[in-house]
Amino acid sequence: MPDDALDLSLVQVILEKFIPKGRHALIPALHEVQAAYGYLPAPVAKEVAAALKVPLSEVFGVIEFYSMFYSQPVKRTIVHVCNDPACAMAGSEALMKNLVHQYVGASAEASGEGVTVERAPCLGLCELAPAIMVRDVQRGHVDASGAGKLLEEFGEKPYSILGGSVHELTANCGKRRPTTLTEYTSAGGYAALRKALTMEPAAVIAEVKASGLVGRGGAAFPTGLKWESAAKEPTEPKYVICNADEAEPGTFKDRVLLEEDPHRILEGLIIASYAVGSHQATIFLRGEYTNALLAMTQAIDEAQAAGILGKSVLGSGFELEVELFRGAGAYVCGEETALFEALEGKRGFPRMKPPFPTTSGLYGKPTVINNVETLSNIPSILIKGAADYRKVGTEKSPGTKLFCLSGDIRRPGLYEVPFGISIRHLIYDLAGGIREGRDLKGILFGGAAGAFADATALEVTLSFEDLKAHGLPLGSGVITVFDESRDLRDALARLAYFFADQSCGKCYPCQLGTRRQLEVIERVAAGRMLPGDRDRLTDVGWTMTDASLCGLGQTAASAVMSALKLWPELFVENPPAGGVA
């Protein structure tokens, strides 16, 4: 339908509920409007701009920035095929080719299929590779040979294997459905919140500080110190945000918690809000996590009906509103200040720091932002007390940690273990070792922003201190395993493409550096290295690390730089056929 023939009455009806929130509602409004029209044509964008009082140019800027929004007509069905290393190892390229052959072209158009097949950087289903998303529904373990029936029966519903030697954070997971409020409270849920509400907020913060909990999203900043800093700020209002925008290739731990134990996350978020003195909390959810969206929506509704949220939380007089905000496809929004920009209805450009979020965060107000796994630790700390919580793990890395295992491993899945076990114990004893009896070639720690290790690192213990001493990042708990048959040049090319594709473009070191890195790595993967390419990778890598504005650019070269050290034979003009054994 031509743009000038569009019925704009529908968008006007949709926008009525978003108007009171103004610009903050821009991304949610665009999601809902696009669902109605199939895309976001110019006349519709103009109506959105007028209703929310946002300059039209900035509305177009937001639409163009986020990958889940379309400014041009698209096919009725969009199939996203994951392109990260784990899915590639599981056959995503063959799946992609079969889908294109089956659905794209004259025959598909003639039969009215109307299918678009697109590559996706990562869908967060790495343990269920290869993964796809069809009509916003995620599926894993998709059989490439069965592509012809994809739209009718498209793979297994994504539920992870749960493993490990302890089950503290994952105690309510494994039902293959969300834990209900009744089930959660029957297992002791919300007892930590009831206890917190009898304490002074400062006492809650003191307990979290004493526990030694640090952020589980990768930065490892002390959680209690972050809360204390925001609580001491005199400026009002204060905000608390759960960062559920998990998009690091190889990471899926937050997805499992969101889908299967949403009330635990909600309990941690409420306790954080009480401790900080915030009456407005937001869960910023990755746009692709549609199953998690349903689970968290249900949990919030249940909590609201039970008096756990609202004007007086559990009758305490403490008021709290929790908002669920769906992102729109931008890896950079996992960075806290870029996430604030998205919540404010803008493109997800990171901000300069300082000022830090605890002083000037969302809307310039004191803001605490913690990731899903971090908040999931809070109920345990309040119930057990800091001293008992610290009995698990190591002195400098107390508690348990969730690790996401994928790739050439016999039992890929989510593993909860105490800090301090060896990498060997996790991979070989708990996860069954390498597939098909092959030998280990490499391990990627921390996802795309991480670093490679080889078999010499197997005795390193999984703790912040020991990994740091060996030059490895704990990151968000990603462990992707590669056996001896893999050509690591392909994995490096996929990682380089990911960063070049996901760079927001705000700072030149990242914008230009990720492109130059990709160009060189593509030559490496094709066996066509030019003289000086090794030096180019090193120079570009250190420039991005030292000069980029945010963590995306600062870590974009980490995996490549580590591979240069471990496997220099990969970076030669005429590498051996089939990769390096």
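Residue F69 touches I27, L30, H31, Q34, L40, V62, I63 and A328, leaving aside residues up to four places away in sequence; contact here means heavy atoms within 4.5 Å. The structure is a predicted model, in which local features need pLDDT of at least 70 and side-chain atom pairs count only at pLDDT 80 or more, while totals for chains, interfaces and linings use all residues. Residues are numbered from 1 along each chain as its sequence is written, and side-chain values use heavy atoms, with hydrogens and water left out.

F69 also belongs to the largest nonpolar core, which has 80 residues. A nonpolar core is a set of buried Ala, Val, Leu, Ile, Met, Phe, Trp, Tyr and Cys residues joined through side-chain atoms within 4.5 Å. Buried means under 20% relative accessible area, exposed means over 50%, and partly exposed lies in between (1.4 Å probe, protein chains only). The residues with the most contacts inside this core are V33, Y66, F69, F452 and F571. Its largest share, nine residues, comes from helix 20, which spans residues 488-502. Helices (H or I, at least four residues) and strands (E, at least two) are DSSP runs, numbered from the N terminus. A second, separate core contains 59 residues, among them L269, L309, I378 and L414.

Side chains of opposite charge can pair when their charged atoms come close. A salt bridge is defined as a side-chain nitrogen of Lys or Arg within 4 Å of a carboxyl oxygen of Asp or Glu. A search of the whole structure finds 32 salt bridges.

One of them joins E319 to K311, with the closest N and O atoms 3.4 Å apart. E319 counts as partly exposed because its relative accessibility is 35%, whereas K311, at 66%, counts as exposed.

In another salt bridge, the side chains of R486 and D408 meet at 2.8 Å, N to O. This pair links distant parts of the chain, 78 residues apart: R486 lies in the loop between strand 14 (478-483) and helix 20, and D408 in the loop between strand 10 (400-407) and strand 11 (413-418). R486 is partly exposed at 23% relative accessibility, but D408 is buried, with a relative accessible area of 2%.

The side chains of R523 and D533 likewise form a salt bridge (2.8 Å, N to O). R523 is in helix 21 (residues 508-526) and D533 is in helix 22 (residues 533-547), ten residues apart. D533 counts as buried because its relative accessibility is 0%. Finally, salt bridges that share partners join E93, R119, D490 and R494 into one network.
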